[in-house]
Amino acid sequence: MTTRSVRALSGALKPLFSPRSPQGYVVAVCHQTHKSTYTAPPARYGGRHTVTLIPGDGIGPELAKHVCELFRFCCVPVDFEVVNVDSTETSEDDINNAIMAIRRNGVALKGNIETNHNLPPSYKSRNSLLRTTLDLYASVMHCQSLPGVRTQHRNIDIITIRENTEGEYSSLEHENVPGVVESLKIITRTKSLRIADYAFRTAREKGRRRVTAVHKANIMKLGDGLFLECCKEVASGYPEITFDSMIVDNTTMQLVSRPQQFDVMVMPNLYGNVVSNVCAGLVGGPGLVPGANYGENYAVFETGTRNTGKSIANRNTANPTAMLLASCLLLDHLKLHGYASMIRKAILSTITDSRLHTADLGGKGSTSEMVQSIMDAIQSTGPRTQRH
Amino acid sequence: MFYMKAETLISVKTVTMIPGDGIGPEISAAVMKIFEAAKAPITWEERNVTAIKGPGGRWMIPPDAKESMDRSKIGLKGPLKTPIAAGHPSMNLLLRKTFDLYANVRPCVSIEGYKTPYTDVNLVTIRENTEGEYSGIEHMIVDGVVQSIKLITENASRRIAEYAFEYARNNKRTSVTAVHKANIMRMSDGLFLRKCREVAENYKDIKFTEMYLDTVCLNMVQDPTQFDVLVMPNLYGDILSDLCAGLIGGLGVTPSGNIGANGVAIFESVHGTAPDIAGMDLANPTALLLSAVMMLHHMGLHDHADKIQTACFDTIRDKKVLTKDLGGSAKCSEFTAEICRRVQDLD
């Protein structure tokens, strides 16, 4: 070793042996895993956040308008950058613009974009494109029984965490022989570990006791077997949380007979679709449950069951609860907790009044009446502006 | 045995009975007793289907079982134990492959007297049983990346769609709904959907609708009365049929039938073998009995079917003699005897 390199080496080691770091030799580990602490996108331009808003189709635009109205009323420091995506366009320019806007702002609130499934496979689902391009790997839905909503089961409190980017939704299909179509379901170790880790971290943060992995490993031994193995691996690092697994068909049967037994559920894409929709139906339907899609760098909020509600569009009968609760999740994500809890409390107090229930809950109320009632509830709690 | 009564012209039909494992033998015996009380024109041929290794090293069902099924064309099966590490595939899979049982039919009807949070359920799930996600074709492409192949073919889709519409017509059902996820799986579910649409053209008397899988699940748990006949590929069928079974009370009261090519049909109970209560006269024969009723309808013996079903439902509604899983404390033999008594009274 030359003198120069020895000096350079000692120079490199010196800070480790200085009196200021008495621990001695510390190995700096460069780990590839994702950040364990999340930081909200910084507020810019006078303490206000900019959030991408994609109205979507069906009831999306009217609900988006109500969200803007409510935020303005509450003086929430959020500005919406509206990006429209035309689902009738075959070119992908619109969705690419939307994706770029979300990359810019870091967060988005979106309505569902319709997919015409009679178009050829080259036209990919816009929602799916958004999720996979931005790598929004976790779709989280918190289904809770709400007071004032009559359902067949009570006391449900389930968090469903669904892998959002691979599995059956890889859109890899081909027709080798005419009349025989193969569709590929991809399960990878990295993504399975990632979603399992997300599930257990969420369970720990929220003080949940049990995580259930939903699978079909008795039939799809390699694919779902790999998913299950990854979940078990991650579970060993969280000894305070009970981990068990259940086959998807048994899960749906248990959900309709005794849903109270479930706590946190983690699963691959397709089963997640089924289970989260069943859970949403159990607590009162698509109008009540908000959904969130989290990635490493971005977050997109929408209604939990992702319906366009084409048949009830523009009739002022849609239930705004799901979208408004999604906007509360958005506010929590931006660390504007004061505004989030204020709006959430107002929504829950409105829901208990069955006279205001919209058609999906068996009532005759209108969307605008519900939103007005929420605004009245907020006004009655005191000054509109709140420090967070 | 095959004889004809000149005055009534009712021919006795042979049915292959596969008792199965665990509680299988006792519930099969219960069903046979009830059929005898109802004077149903059925003779039973009991067979065992434990897999044996045939010539060429391939696993197959015993030849006498196959021969009996090919002759009688109708089978009634109890629960079979799925062996782990016995070297051979599950018996259910073997039966499915041997007789090309392409349609799994599960009528889910709310049972009066067995209360669940859902009332007035009356729907039928028809599931494609041979391909789809359960083709069993999986590869590990590189370490940590697994690819499972879902296979959808034109022929299988057309066959199941035709069966669904035929079933709807023969059982006087008003609508058939195809369940799919063609927005995501455009080519595969798209092909399935196209075939369903084509077949629907020939059955203009039956209403045909299409619905996404997630929408069906969402609506099913809120209001199951809006559904009639549902037809779908393998995986969705698996999940939905169990979901619907859960709505009416579970696998202990749900009948099921498998329809094969060449006119073969095997009706079965879909619950497990319940080894913990096997041989203790505690089992509930309702699932197997209702499957047997489905079988009688399939064979055209509607009067006997209705009689046995009424007796069974009356017993459950009365709540006096019920097995433990239905909320009572009676033994299997007592429950069976009660149904037999009612069947004879109905004569």
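Predicted model: local features only at pLDDT ≥ 70, side-chain atom pairs only at ≥ 80, totals over all residues.

Residues are numbered from 1 along each chain as its sequence is written, chains are lettered from A and ligands numbered from 1 in the order in which they are written, and side-chain values use heavy atoms, with hydrogens and water left out.

**Stop 1: the domains**

Colour chain A by domain: domain 1 takes in 43-114 + 125-144 + 288-381, and domain 2 is 152-283 (the bounds come from an automatic or database domain assignment). Their C-alpha centres are 25 Å apart. Across the boundary, 20 residues of domain 1 of chain A are in contact with 21 residues of domain 2 of chain A, where contact means heavy atoms within 4.5 Å.

Now do likewise for chain B, with domain 1 at 14-102 + 254-346 and domain 2 at 117-248. Here the centres, taken over C-alpha atoms, are separated by 25 Å. Eight residues of domain 1 of chain B are in contact with nine residues of domain 2 of chain B.

**Stop 2: a sheet with strands from chains A and B**

Which strands form the open sheet, and in what order? Select E6(A), E7(A), E9(B) and E8(B): these four strands follow one another in that order, with antiparallel pairing. Strands (E, at least two residues) and helices (H or I, at least four) are DSSP runs numbered from the N terminus, and two strands pair if DSSP finds at least two bridges between them. At the edges, pairing on one side only, are E6 (173-177) of chain A and E8 (132-142) of chain B.

Zoom in on E8(B) and strand E9 (residues 145-153) of chain B, which run antiparallel and are joined by six bridges. B:Gly132 sits opposite B:Leu151 in E9(B).

**Stop 3: helix H10 of chain A**

Select residues 337-351 of chain A: helix H10 has 15 residues and spans 21 Å from its first C-alpha to its last, close to the 21 Å expected at 1.5 Å a residue (the expected span is 1.5 Å times one less than the number of residues). Show side chains for its buried residues, among them A:Tyr339, A:Met342, A:Ile343 and A:Ile347. Buried means under 20% relative accessible area, exposed over 50%, and partly exposed in between (1.4 Å probe, protein chains only). The buried residues of H10(A) pack against helices H2 (60-73), H9 (321-333) and H11 (367-380) of chain A.

**Stop 4: two single residues**

Go to A:Thr308, in the loop between strand E12 (299-303) and H9 of chain A. Its relative accessibility is 16%, so A:Thr308 counts as buried. Leaving out residues up to four places away in sequence, A:Thr308 touches A:Asp57, A:Gly58, A:Ile59, A:Asn112, A:Ile113 and A:Glu114.

Next, pick B:Gly24 in helix H1 (residues 24-37) of chain B. B:Gly24 is buried, at 0% relative accessible area. Draw a distance to B:Thr273: the C-alpha atoms are 6.6 Å apart, although 249 residues separate the two along the chain.

**Stop 5: the cysteines**

How many disulfides does a search of the whole structure find? Zero, over all chains; a disulfide is a pair of cysteine sulfur atoms within 2.5 Å. For A:Cys279, the nearest cysteine sulfur belongs to A:Cys143, 4.9 Å away. A:Cys279 is buried, with a relative accessible area of 0%.
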